[in-house]
Amino acid sequence: MNGAQDMGGMMGFGPIMAEKDEPVFHAAWERRAFALTLAMGGPGAWNIDQSRAARESLNPAQYLAKSYYEIWLAGLERLMSERGLITPEEIAAGKPLQPAKPVTGVLTAARVEGVLARGRPTERAAEAPQRFQIGERVLARNVHPTGHTRLPRYVRGHVGLLTHVHGAHVLPDANAAGLGELPQWLYTVRFTAQELWGEAADRTASISVDAWESYLEAV
Amino acid sequence: MHDEHDHDHGSHLTDVELRVRALESVLVAKGYVDPKALDLLIETYETRVGPHNGARVVAKAWADPNYKARLLKDATAAIAELGYAGRQGEHMVAVENSDQVHNLVVCTLCSCYPWPVLGLPPVWYKSAPYRSRAVLDPRSVLAEFGVTLPANTEIKVWDSTAEIRYLVLPQRPAGAEAWSEEQLSRLVSRDSMIGTGLAKSPAEVP
């Protein structure tokens with residue numbers, strides 16, 4: 001969706017505020033919000049694309065006003081309440097008011113190391129032949145899906161050069177919508193800055209995005 | 001309940017602090033979450049996983065041409081040789097800086113970042129100013145970080161829009177020809193592996 005998360009090319013946010021010797025977390029609650037989000041991925045049984053979609057569904061004004069871990073927290077609460085794992089009343093009360101739902105995949109301390117080490121690879125066996133080849137020029141489709149997508153607005157309608165093939169990967173658009181993984185070929189496509197931003201742009205710069213096959217068309 | 005942990009016990013808790021505490025209490029009481037697992041997750045990313053991992057990868061690539069070739073060919077496998085793998089680093093690509101090319105990594109859509117080699121991203125990487133401008137005007141972004149490149153250096157920006165995670169292989173600075181891998185790793189800053197910095201010169205390292 002064309003939400004506030006899709007920031008490439010926006011203006012007016014001001015200088016980049018890099019903090020010297022920055023700590024990993026800036027408050028105790030950030031630690032817990034981070035860990036709760038990771039830990040709930042097991043019993044919650046949502047996937048990373050549903051996680052991202054939940055964060056992106058925040059009203060743009062809220063998204064831009066919240067800090068990073070506040071956005072995570074809002075996303076986590078939404079995912080859990082959608083699945084009936086927790087209610088707003090329970091958060092307000094700070095204690096369960098309904099019986100727990102039966103869940104599997106609770107992340108115990110003993111499983112943390114293995115779960116992190118395995119990660120969640122997204123490469124899958126290809127279900128169709130590869131349509132585009134390295135060196136080909138391709139068009140990023142001018143599409144505006146109302147659901148989750150990973151094709152940023154700033155490349156839509158522009159032509160780039162296909163530079164890498166990464167195999168077939170889980171399609172976020174489908175996975176976020178609960179339609180299954182529907183793996184597709186994943187490519188890297190490089191656009192010149194002038195193609196994206198016009199003649200005044202830096203002639204030495206290019207921007208590459210990773211794009212699934214259905215995001216692209218032959219030129 | 002979870003009051004035995006290192007929370008601030010003061011009387012000035014903010015709304016968000018209270019909310020996260022309440023949330024954790026409910027989730028633990030319902031049996032969805034093991035508080036010891038939370039502690040371990042936090043400890044992992046606060047102390048064990050961080051840019052020192054990536055610095056080892058870069059230093060090895062500088063010191064060992066065969067390793068560098070493996071890293072540029074299959075970064076996931078080469079990085080796993082050093083024991084770094086998993087969450088948010090499942091599919092790695094290394095991109096090499098040279099006199100002709102400078103690479104810069106961003107995630108305009110969220111905060112994608114190669115956790116196993118760099119740890120969790122700094123606030124600026126996740127912030128609107130960086131995400132909006134790195135793709136629009138990378139040279140001005142680099143200048144804000146104090147990186148001024150020759151006008152004809154090609155700038156390649158990598159927007160992490162899928163599950164591919166990018167690691168910049170910075171240029172090896174001159175003057176450290178006789179240094180060991182361990183010494184070389186001290187020249188590798190976090191920002192040099194994102195592309196918003198360069199490797200330090202030997203004179204900068206005590």
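Two residues are in contact if their C-beta atoms, placed from the backbone, lie within 7 Å. This is a predicted model, in which local features need pLDDT of at least 70, side-chain atom pairs count only at pLDDT 80 or more, and totals for chains, interfaces and linings use all residues. Residues are numbered from 1 along each chain as its sequence is written, while chains are lettered from A and ligands numbered from 1 in the order in which they are written.

**Exercise 1.** Describe the contacts and elements of chain A.

*Solution.* Start with the contacts in chain A between residues at least 6 apart in sequence: 66% of them join residues at least 24 apart. Next, list the elements, which are DSSP runs numbered from the N terminus (helices: H or I, at least four residues; strands: E, at least two). Chain A has eight helices and six strands, and their order from the N terminus is α-α-α-α-α-α-β-β-β-α-β-α-β-β.

**Exercise 2.** Work out what the side of chain B that touches chain A is built from.

*Solution.* First, count: 69 residues of chain B contact 69 residues of chain A. Then look for the elements of chain B that give two or more residues, among them α1 (15-29), α2 (35-48) and β3 (154-159). Of these, α1(B) supplies the largest share, eleven residues.

**Exercise 3.** Find how strand β5 of chain A meets β3(B).

*Solution.* Two strands pair if DSSP finds at least two bridges between them. Here five bridges join β5 (residues 205-212) of chain A to β3(B), and the strands run parallel. To finish, locate A:V209, which stands opposite B:D159 in β3(B).
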